[in-house]
Amino acid sequence: MAILPIVTVPDPMLKFTSEPVEKVDDELRSFMDDMLDTMYDAPGIGLAAIQVGRPIRVLVIDLARDDEDPNPQYFINPDIYWTSEEMGVYNEGCLSVPEQYAEVERPAECKVRFLDYNGTEQDIHCTGLLATCIQHEMDHLNGILFVDHLSRLKRDMIVKRVKKMVRDHAL
């Protein structure tokens with residue numbers, strides 16, 4: 001298992017559209033395990049492959065709290081095929097936009113079809129935090145960051161803060 005470097009704004013890679021995965025094999029499973037270790041180390045609750053430099057349609061999520069056993073979920077070639085009309089607001093953060101948070105409005109529920117860790121097709125109905133997280137991570141696969149849902153002024157302020165933070169840590 002390896003901890004992978006996380007790509008942060010304003011890296012242009014985060015604007016790439018990720019490509020579908022052709023096959024689920026041991027190499028992909030090993031990469032997803034590394035993604036999960038990276039996410040836990042950060043720490044975070046979701047991570048898309050593009051955030052660690054691979055523009056493929058893969059993401060991992062684990063919403064277990066610190067006092068709960070890990071419950072990793074793997075999504076390969078996920079497709080949101082239904083969203084509710086009801087909306088929800090969540091204060092989102094992102095490992096690629098470190099230490100920055102903002103309220104984002106998204107559909108409160110969604111249905112997702114995907115391949116799991118073993119390549120088996122799955123279909124789930126997501127609500128609550130899982131619905132928010134899956135939509136957030138799916139945005140990454142399409143080159144969209146949570147800050148892209150904000151006003152230009154808020155987005156620019158957040159990106160400026162991250163650039164300064166990264167620059168200060170490099171000194």
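Two strands count as paired if DSSP finds at least two bridges between them. Strands here are DSSP runs of E, at least two residues, and helices are runs of H or I, at least four, all numbered from the N terminus. This is a predicted model, so local features need pLDDT of at least 70 and side-chain atom pairs 80 or more, while totals for chains, interfaces and linings use all residues. Residues are numbered from 1 along each chain as its sequence is written, and side-chain values use heavy atoms, without hydrogens and water.

Strand 1 and strand 2 run antiparallel, joined by three bridges. In that pairing, Leu 47 stands opposite Val 60. Strand 2 also pairs with strand 3, residues 73-83, again antiparallel, over four bridges. There, Leu 59 is opposite Phe 75.

Now, which residues cover the faces of strand 2? Val 58 and Val 60 lie on one side, Leu 59 and Ile 61 on the other, and all are buried. Buried means under 20% relative accessible area, exposed over 50%, and partly exposed in between, with a 1.4 Å probe and protein chains only. In general, side chains in a regular strand alternate between the two faces of the sheet.

Next, Ile 45. Its place is the loop between helix 1 (26-41) and strand 1 (46-48). Is Ile 45 buried, partly exposed or exposed? Ile 45 counts as partly exposed because its relative accessibility is 36%.

That is the end of the tour; questions are welcome.
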